[in-house]
Amino acid sequence: MSLKVTNKILEGIQQHIEAAYPDEGAGFLLGADGEVREIISLPNAREDEARHNRFLITPEDYLKAEMKAMELGMDLIGVFHSHPDCPNVPSEYDREWAQPFFSYIISRVDKGKTVNHRSWRLVEDRTQYEEEEIQIQ
Amino acid sequence: MLSMPTVKFPALMKYYVDNQSEFSVNGATITELLDNILLRYPALKPHLFDAKGELRRYFSIFVNGVQMQELNGFETTLNDGDVVILMASASGG
């Protein structure tokens with residue numbers, strides 16, 4: 001299992017999550033067949049005091065992103081978000097909210113600078129995540 | 001007479017409902033509607049409800065554009081022609 005991305009996509013993610021620091025930044029991955037072709041960076045809709053360790057994409061933004069993906073002939077294939085100043089492994093909270101089939105890129109941001117990106121997918125029985133390789137094209 | 005609302009799903013969940021984005025299903029209340037959806041598509045259950053039987057937090061349910069909490073929750077009465085949208089959100093931390 002792997003997720004194909006370009007450096008341009010990763011740069012877009014990096015720009016958004018560093019701008020969001022010390023809060024979590026998030027958005028959608030658009031594409032098809034395990035290949036990210038576009039991202040949609042979104043505001044973190046969580047309340048101010050929770051944004052440092054939680055993110056929320058509202059149903060309204062979710063719906064708009066689905067419509068945008070349809071316009072572009074793509075699908076929503078995942079979500080990216082940052083973990084400011086902590087490891088980029090999924091939390092239990094991440095697992096509770098995880099949706100099937102999505103790739104979840106989690107990026108570590110230390111002191112405002114992106115350290116690295118890792119991608120995860122929920123297994124079908126929802127008990128855990130499996131890491132997937134990020135293939136940079 | 002049976003109530004037969006229309007249900008709309010997020011694209012991501014289409015895999016579990018025969019690749020449909022919307023369909024009609026019987027249900028006089030939201031609870032009945034969800035029960036009948038799961039009778040038809042049992043593989044959807046773990047993605048719709050958590051281990052405690054509660055609706056997963058990434059779903060919000062709207063009836064004719066109004067969130068069910070502003071109506072009568074799961075006991076909201078449904079009628080023919082009503083549109084029930086299972087709208088997803090995304091969160092994590």
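A: Strand β1 (residues 2–5) of chain A runs parallel to β8(A), with 4 bridges pairing them. Strands here are DSSP runs (E, at least two residues) and helices are H or I runs of at least four, numbered from the N terminus; two strands pair if DSSP finds at least two bridges between them. This is a predicted model: local features need pLDDT of at least 70, side-chain atom pairs count only at pLDDT 80 or more, and totals for chains, interfaces and linings use all residues. Residues are numbered from 1 along each chain as its sequence is written, with chains lettered from A and ligands numbered from 1 in the order in which they are written.

Q: Which residue in β8(A) is the bridge partner of Leu3(A)?

A: That's Ile134(A). On β7(A) (residues 113–122), which pairs with β8(A) in the antiparallel sense over 4 bridges, Trp120(A) stands opposite Glu131(A).

Q: How many of the 8 residues in β8(A) are buried?

A: Buried means 20 or more other C-beta atoms within 10 Å of the residue's own, with C-beta atoms placed from the backbone. In β8(A) (residues 129–136) the count is 0.

Q: Which strand of chain B does β4(A) join?

A: β4(A) (residues 55–57) and β6(B) run antiparallel, joined by 3 bridges. Ile57(A) stands opposite Ala90(B) there.

Note on methods:
A residue is buried if 20 or more other C-beta atoms lie within 10 Å of its own, exposed if 12 or fewer, and partly exposed in between; C-beta atoms are placed from the backbone.
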